[in-house]
Structures are given as structure tokens and as C-alpha cells.
Amino acid sequence: MKSFALITVILTGWLLLSAVSDFPSWGDTESPANDYRLSQHYITETFPESSVPNMVTAVLADYRGYDTMFETVVIFVAGIAIMSILRRKPLDYLKDTGRETRSYKKDPDLIIDTTCRLMIPIIQLFALYVVAHGHHSPGGGFQGGVIFGASFILLALSRDLQAAQRWVPEKRVLNLAGIGILIYSGFGFACMILGSNFLDYEILHKIMPATPVEARSHSMLGVEIGVAFTCTAIMFSIYSNLASNGDMKETL
Amino acid sequence: MIWAFDLITLIFLVITAIISLQTKDLLSAAMIFGVYSFLMCLLWAGMAAVDVAFTESAVGAGVSAVFLIATVLRTTRRSSD
Amino acid sequence: MELLEALSTKFNYWIYIIIMMIGLYAMISKNNLVKKLIGMSIFQTAIILFYVSIGVKEGATIPILYHDQVHPSHGYSHHKADTGHIEDHHPSHEEIVANLLIEPDDFGNPLPHVLMLTAIVVGVATLGVGLALTQKIYRDFGSIEESEILESIKSAK
Amino acid sequence: MIDQSPALILLAPFLLAILLALLGIKREWLCFPLVIAGLAISVAASVVTLLRVIDEGTIQYFFGGWEPPFGINLRVDGLNALVALAVSTVSLLTAIYSKRAVPAETSDKVSQFYTLYLLSVTGLLGIVLTGDAFNLYVLIEISALTSYALIGMGSRRATLAAYKYLIMGTIGASFYLLGVGYLYIKTGSLNMYDIQEQIVANNLHGSPSIFVAFVVIIVGVWIKMAFFPLHSWLPNSYAYGPSTTSALLGPLVTKVMIYVMIRMILTVFGPEFAFDQLDWSNIIVWMSVIAILAASISALAQASLQKILAFLIIAEVGYMVGGVWLADKMGMIGSIYHIIADAFMTLCVFLFAGIIFTKTGRHDISAMEGLFTKMPLTMVGFLVGAFSLIGIPPTAGFFSKWYLIQGGISSGHYEYVAALLISSLINAVIFFRIIEIAYFGSKPAEGHGYHHNEEQKDGTMEASFSMLFPLLITAAVLLGIGLYNQEVVEIITNFVSQFNIGAIIL
């Protein structure tokens, strides 16, 4: 196996390297990728067309919004996939409404507990800032969602899984993730119902108090919030499934 | 971007990649993989790809490493290669 | 020094491909299931690195417009304040656009960044599913070494 | 609303998947109607789109209202429209079959199973319809991630198979991504048609980057479609996963990947580059000959029905890869026709295998003793599928092989023709062995015991309507596209004749 792998890797590497001399030199502003009208358009026309200064956010949520919708779906699929592969107990917890009576609480360490108490609200505030300010600075729904999810992971690490699940109960996770995608595709379907193409936000100025250009910018914010919902929920769900080996009882 | 900084980071990247794949203890492999992701994130920040670097620092160095550690602690730390 | 300069324009690609191949080798040859997944992540991040470097421009900044470019109102209001008129003039979008001057070479190419955000997400999703499968395999077979699992399947027959 | 038809093909299952995830957990009875509704809208939209394509020619749909290359578009021509219709129909039929099978096999996870099922179909339809090279990668990953989970929900062995599939599938998809990167660095574009225009305009056909991009993309797609030396992930994945999973993925994943290969060759790189400039036809046709023979012989050696079918899929992949690389118009038409025919014939036999498994709980061939008397209607459906795989007229399988053989003869690749005939012979041996057991095999003795709850008063144990109905519809479709092969081939010919295939040889 090892020698076979080595031969494959050397062949592939040689093949890939054979084209390097053909590449434009590193950082060349005249290279096809940087000089082509596609990249030029994204740099110069983004602000006039959508009034968003961060080009990455604009391209992500508007020009290639269809891609980003499926990026969110990838996250969602991963969450459901991991739940369906690993989850042990039948999902009857969704049917009974009684509170969880089991307790697996470990003794909280004073230093860790206090630090996390201080840190978690700040992390969450920062996550919200990242989501809301994604138009003007690096960030956006995905990054903010991951950071928000990470704050719950930190809670679960510092206390135990139950403590975190009081904030994000398992039954709410899937709903939250689904609602996130529904928000995203809702913007798309709203455009369709108003008579335009899927995700063509411009038409939404009919139902928004905004000019067509502003409608694009506002819809992007809405879409990013949807992405953030899904990411928060799924990141925590993946962690809780992996850390408890699928039974949601004990954490690490 | 300063090429010397670039080169040093890249060399460290190769080293961390090899160490993380060669070490027998999976927990340290996961930790070194976090270091690898963080170096990657530095490199991207240097290439003016701030959004990508931001994502990688949250996802690669943060969440991915936590997932790996969770799995290692739930299975076994021992690895034959 | 010039030789070094010439070399520095291409050496990046060489190292990217070396990292890719390290990851690919681990994916094919490693026996441990977690190690394979680490190799997979290394392979994918190396591809992402390759893409991001396509969009690099020498001397360009991050692909976000400068604050002064999109909020020229600050400049105006200072002038007005000097002359005694306190006027809260926010220029409309059309006015800003009319005065906007963007030199494409000043900003990095945003497209590879967008693509790679998606690729990072796909990478973490695949890693998560792979780890979940690994845990399930460990639960079923009691091992995460491929050779031991195959042996236990053979002996079960 | 007519304008929106291409987008609705994949947005309908997508929206209903999300609704199902939200509503279906507490209300399990809601899952099945939602799945059927989503896929039925998808089939209707595909029919409308196909009719529009026949009427108006190529249709474009711009997401976000941005014209390519700035935005992402769907670009539907004769090839897409046909494959999309086949994909949505196959998934609808499998969904009907799954009504009984899914609650039985994945009892506590029905809503998750169906959510993943619909998203998998969304991914496959997206691959077929999209006109953007990077978007294709994202959708490949969606359909792949859902497949890993759908397979991993099966037995103990299925988890390991899913892991292996994950590693191989990720290598394949990453290769594809790398290839797109090599294209992007030279052309600066991501839209498939725009890449082609840029390659031609800048005269990049001789560039090593384009060559590497071509090799890497094709190898990546070969891994995903289980072309012979790279097939190791497929047999176990389809044999050990839940039966609905194999009935969905078995017919669709490999065919959609062959579609991607054809799309890459014809649209992105151009047949002049792929066939004339590279001139690899001989090597790849020989590789496909080896693939066909090796896979057929492996199928002969298997005892479990699911494994036989899995190896037959690999052999069929060899047919189509070979047919494409014949570099001949007839071969290309045969390959495209075979994508559609093969989707339905594989579905037919996988549905049969699923029915046998739910009825007897066994996978091996001996489970089929005396089935002709016990399940006559099921066997009729199976016979049509088996005849089609063997290539007996008037089923679709005969006509697709007919075109492939014509292509092989006119391009002078007689080894390919011989491989096709030998493989048909092996298929005949395999299926007549099954038919023999089912027809002449000993009458089920009373002591067997695994079925007596099922047996009805008149001694038959016919499958339930929800399982039998899709099987018989599939059989009817096979006969239909066989009898109306002229009409189907006309659409394909209109598509293929845009391209300059096989000009050098003539």
C-alpha cells in the first residue's frame, strides 16, 4: 500500500508541477485571473450596484448567492448526517415534554468557570458584531455563526453538555438550522413570487422601504443572518454529537 | 507580501503537516493540526484574504481542532502510524 | 539578489503542491482512520491556499473599499462647520458613486476569497462527517486501525 | 411561471427538504407526502423544461439576475434536459418504493433519512443543470455528503464502506476542484461556456496548465463514477447500505458523473482538444474494455444479488466511458442514450433486489427460489430490467448497445465491440441463472419459515402496491424509451451535432 501510494503521489505531484512554469508569476496584477473582466467588475462595480464596501460579502451573498445558499446547505447536511450516523437513542425526546431530570454535572472549577462566565458574553457580542458588520469589515454570517456556536462549545467544555443544552436544547437545534436556510431561501422565493429570478434581490424594493440598490444591501444582511442561524445551530450540534459519542449524556 | 516571511511560514507549514501526520499520539496530532491551520490563516492574512483568514481561524484552528480532539478522546489516542 | 527575486515568484506554487502531496499520501497510505482525515484536511487546505494565491496582487490591499471612498460626507461637513453652517448633509448613493474612483489594481481579487470561503465550509463539513463515521466504526469494531478492522471482519466470517 | 421551470426542477425538492426537516420530526406521517410532492413538482418542471428546450433551443436562467460570467446561471440544452428528467423520474419512483422500506430499515430516523434523500436529489439535479464550474463542485459535495450519511445509516459493514467512500469521494472532488483552479489561473473565469470562449480566444489549447486541468478533472470524475481501477469504494457501499439508498444512488450517481465528464469534454475543453489534440482514444478505449471485462467477470463471481448489481454498474460505466472516447458521433449518441436507459434499468433491478430483501430478508441468489409462482408481477418487472441489461429488443438496453456498437464499428475500435458483446453474454448468464432459480428452483418448503406471515391465501406473496408500482412503471418506461428511441435519439442528435466530433477520422 505504501509503495503504491508513493507512486501515485509522485506521479500526481509531477503532473501538477509540470504546469507551474506556465503560471503567471506570483502576485502579478496582469495575470488572467486578476485582469479578466470578471474580477475587474467585482472590484469596481460592487459598490455602485449594491452599496456594500466589502466586495467579498457582496460577491458571496449577491453575485454568487446561489453558491452560498448551497454552502449553507452543506453545513445543514453535515449536521443532519452526523446526527443520523451517530445518534443512538431513538429521537423520542422530541415527543416527551418533561424536563430532563438526569444530572451529570461535574464540579465546576472556580477559575475556569469564572473566566468562561466573563468570556462567553463577550464572545457572543463579538459574534453578533461580526454578523451585522460583515458589509463593512471582514466577517459575515458564516464567521459570526461559527463564533456564536463556539461560545456554546466553550460553555459545554467548561461546565458540561447539559449546561449548554439549557441554552440550545437539542430539539431546538434542528429547527434553528432549518429556519436559517428557510430565511435564506425565503428571500429567494420572495423574489420569485414578485416576478423576478430566484435571489434577484433588486425586486424586493417593492416590499421594502428602500431603493433597488439598498434593497440588495438589506437583503444581503438578511441572508447573512440566515447563514448565521444555521452555522450556530449546526456547529453546536456537531460538537455535542461528537463529544458525547451520540448519546448526549456525558461531555468530554 | 514579504517573500522571506512567506517562505518561513511555508516551511513551518510543511514541518507541522509532516509532524501532525507522523506523531503516534493522536491528541498531539490534533493539536499540531490546529497549529498548521493557524499558520495557514497567517499566510492568508498576509495575502490580503482577510475573510478567508478569519474563517480559517474560526473553523480550522478552532472548531475543526475541537472536533478532532473530541473524536480522539471518544475513541483512542493510540495510533500505529 | 535578482536570482532570489525570480525564484520567489514561483517557489510558492512548489511548496503548495508539496503540501498537497503530503496530505494525499496520508489519505491513501495511513492505516489510522483519524490520520487519514487529518491528511484529507491538509490536502484540502493546500488546495485552498493555491486558490487564494491566484488572487494575490503585488501592492494591493484587502478587497474592502476605504472608508473615505464610501463616506465622503465627513470631508464635506468639516468644511461646512468652518463657515459656520451646521449642515447634516449625507450624500445619496448616486452622488457617492458619481464621485467614486476605484483603481482595480489597488484591491486584491475578491473572487478566489469567495470561492474558498465555500471550500473551507465544505472541508469542515466533510471532516465532521468523517469523524462521526470514525466514532461509529470504533463503536462497532472497537478499533480505528484499518488493518485491525479488516481482520475482525475476516474472522467474523 | 413557465420562465422559472429550470430553477423549479431543483428548488422544489430543496424547499420541501427544509420543510420536512422542520415539520417532519414530530409528524412522521407527513414525511412521505412531502417527499412525493417535492419530486412530483420536480418531474413536472423537468417535463416542461424539456418541451421548452425542444421548442426554443437552449434555455438560460440567471440566479440573482446577474448574467454570466458575473453570476451563476443554469444553462439547459438537450443533454441537460434529458438527464434531469431521468434523474427526477428515477428519484420519484424510488421515493414511492421507499414508503414501506424506509420505516422498516431506518426506523427511528425517518425524517432525517428523507431530508437527506431530497437534498441528495437536489444536489444531483443541480450538478446536471448548472452552467458554472465551481457551483458544480459545491453540488458534488452536497450529493456526496448526503450519500455518505445515507449509506452510513445501514448495517455495521455499511459504516466502513461509507468511510472508504468518503475518502475516495473527497479525493475525486478535490481533484476536480484543483482542475478548476488550474483553469481559473489561465482563463480567469468560472462559467463553463466562458472558459471555453477564453480558451479559444487566447489560444490556450497548447498550454500545459489546460492539459493538467483536463487530466486532473477527468481523473477526479473517474474516481467519483467508479471507473474500473478506481472503483473500490462502490461495491460495498451499494451492497451494505439501506435498500432505498442503493436504489437511489445506484442508478443516479455514476450516471450523473458520466454526464459531468461529457459536459467537461464537450463544453469546457471542446472535443477538438479532448479527442483530436490529445489523441488518447486508443488507450482509454482499451482501459474501458478492461473495465467492462473485469467488472463483468467479478459480477459472475458474486453470490449476493446486491453485489452482482454493484459490479454490473461498474461494467456499465465502462460502456459509457468507452463510448465517449470512441471519438465518434454515434458513440457519443450511444453513450448519452445509455445514460438514460441505464438509469432506468439499474433502478429496475435494484428495486427488484430491494423487494426480495424486504420479503425474504436475504441477499443471496438462492433466496429467489420459486419466485415466479409466488410473485409473478414482480418477476415480470424484473424480466424487463434483466432483458434490458442483457440487450434484448425492444427494451432500451438493446438500442443503446446498438448505437454504441455502431460507434465502435465506424471508429474502428473492434475490441470495444467485442467487449460489449462478451459483457452482454455474461449478463445473460447471470440473469438466466437467477431466472432459472426463480422458475425451476425447488418449491418453497414449508419449513423455510422466513416468509409465512407474508404468504396470502392463494399461495402468492406479491409485494405491496407501493413497491410493485414503481417497479412496473420502470419496466414500462424501459419499453417506452426502447420503442420511442427515435424521438429520444433525435433530441440527443440535435445536441451532439453542435460539436465537431470525429471530423478527423472521416
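pLDDT is the predictor's confidence in each residue, from 0 to 100. In this predicted model, local features need pLDDT of at least 70 and side-chain atom pairs count only at pLDDT 80 or more, while totals for chains, interfaces and linings use all residues. Residues are numbered from 1 along each chain as its sequence is written, and chains are lettered from A and ligands numbered from 1 in the order in which they are written.

**View 1. Confidence in chain C.** The average pLDDT of chain C is 82, and 83% of the residues score at least 70. Over residues 75-81 of chain C, pLDDT stays under 50. For this stretch the model has 5 contacts beyond four places in sequence (a contact: C-beta atoms, placed from the backbone, within 7 Å).

**View 2. The helices of chain C.** Chain C has 8 helices and 0 strands (DSSP runs numbered from the N terminus: helices are H or I, at least four residues; strands are E, at least two). Of its 157 residues, 52% are buried (20 or more other C-beta atoms within 10 Å of the residue's own, C-beta atoms being placed from the backbone).

**View 3. The contact of chains C and D.** Chain C gives 24 residues to the contact and chain D gives 22 residues. On the side of chain C that touches chain D, helices H3 (33-54) and H7 (110-141) of chain C each supply at least two residues. H7(C) has the largest share, 13 residues.

**View 4. Helix H1 of chain D.** H1(D) covers residues 5-23. Because 16 of its 19 residues are buried, H1(D) is largely enclosed by the rest of the structure.

Conventions
Two residues are in contact if their C-beta atoms, placed from the backbone, lie within 7 Å. The expected span of a helix is 1.5 Å times one less than its number of residues. A residue is buried if 20 or more other C-beta atoms lie within 10 Å of its own, exposed if 12 or fewer, and partly exposed in between; C-beta atoms are placed from the backbone.
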